[in-house]
Amino acid sequence: MVVTSVVTTGLVGGAVGVPLGVALHGWIMPAMGHSAGLNLPESVIAVYRTPELVLLALGGLLIAVLGALLPAGWAARTRSAVALRTE
């Protein structure tokens, strides 16, 4: 249950965070270039490609699952009454 909860939270966070991060990058980089008097080429602005985003998403999901293993192990070894009392 703990790992499933973390995976769900990680997937939702990634589904919201990755597009938002890419959009902010596409908005902020040109603004920074214009403020410095530069016209940045598209190769500097569009640095994220689909395979890289997929690898980043899988890496984030792996980190979330690895971070959930310790609490999941504790929950599996603990009696239900003790776990509910400490929450």
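Colleague: Let's start with leucine 61: which helix does it lie in?

Modeller: Leucine 61 lies in helix α3. Helices here are DSSP runs of H or I with at least four residues, numbered from the N terminus. Keep in mind that this is a predicted model, where local features need pLDDT of at least 70, side-chain atom pairs count only at pLDDT 80 or more, and totals for chains, interfaces and linings use all residues. Residues are numbered from 1 along each chain as its sequence is written, and side-chain values use heavy atoms, with hydrogens and water left out.

Colleague: Thanks! Is leucine 61 buried, partly exposed or exposed?

Modeller: Leucine 61 counts as partly exposed, because its relative accessibility is 23%. Buried means under 20% relative accessible area, exposed means over 50%, and partly exposed is in between, using a 1.4 Å probe and protein chains only.

Colleague: And what does leucine 61 touch?

Modeller: Leaving out residues up to four places away in sequence, leucine 61 touches Val7 and Leu11. Contact means heavy atoms within 4.5 Å.

Colleague: Now the helices. At what angle do α1 and α3 pack?

Modeller: Helix α1 (residues 2-35) and helix α3 (residues 50-77) pack at about 150°, and their axes are 9 Å apart. That angle makes α1 roughly antiparallel to α3. Angles over 145 degrees count as roughly antiparallel, under 35 as roughly parallel, 65 to 115 as roughly perpendicular and the rest as oblique. The axes are lines fitted to C-alpha atoms, for helices over the stretch in contact, and angles run from 0 to 180 degrees between N-to-C directions.

Colleague: Which residues of α1 and α3 meet?

Modeller: From α1, the residues are Val2, Val3, Val6, Val7, Leu11, Val18 and Val22. They meet Leu53, Leu61, Ala64, Val65, Ala68, Leu69, Pro71, Ala72 and Ala75 in α3. By class, this contact of α1 with α3 has 16 nonpolar, no polar and no charged residues. Ala, Val, Leu, Ile, Met, Phe, Trp, Tyr, Cys and Pro count as nonpolar, Asp, Glu, Lys and Arg as charged, and the others, Gly among them, as polar.

Colleague: Switching to histidine 25. Where is its place, and why does it count as buried?

Modeller: Histidine 25 is in helix α1. Histidine 25 counts as buried because its relative accessibility is 18%.

Colleague: What does its side chain reach?

Modeller: The histidine 25 side chain reaches the backbone oxygen of isoleucine 45, at 3.0 Å. Beyond residues up to four places away in sequence, histidine 25 touches Pro30, Val44, Ile45, Val47 and Tyr48.

Colleague: Tell me about valine 44, then: where is it found?

Modeller: Valine 44 is in helix α2 (residues 42-45). With a relative accessible area of 34%, valine 44 is partly exposed. Apart from residues up to four places away in sequence, valine 44 touches His25 and Met29.

Colleague: Last one, where does methionine 1 lie?

Modeller: Methionine 1 lies in the segment before α1. Methionine 1 counts as exposed, at 91% relative accessibility. Methionine 1 and leucine 61 are 60 residues apart in sequence and 16 Å apart in space, C-alpha to C-alpha.

Technical notes: Helices (H or I, at least four residues) and strands (E, at least two) are DSSP runs, numbered from the N terminus. A polar contact is a pair of N or O atoms within 3.5 Å; within protein, one must be able to donate a hydrogen and the other to accept it, and residues adjacent in sequence count only if both atoms are side-chain atoms.
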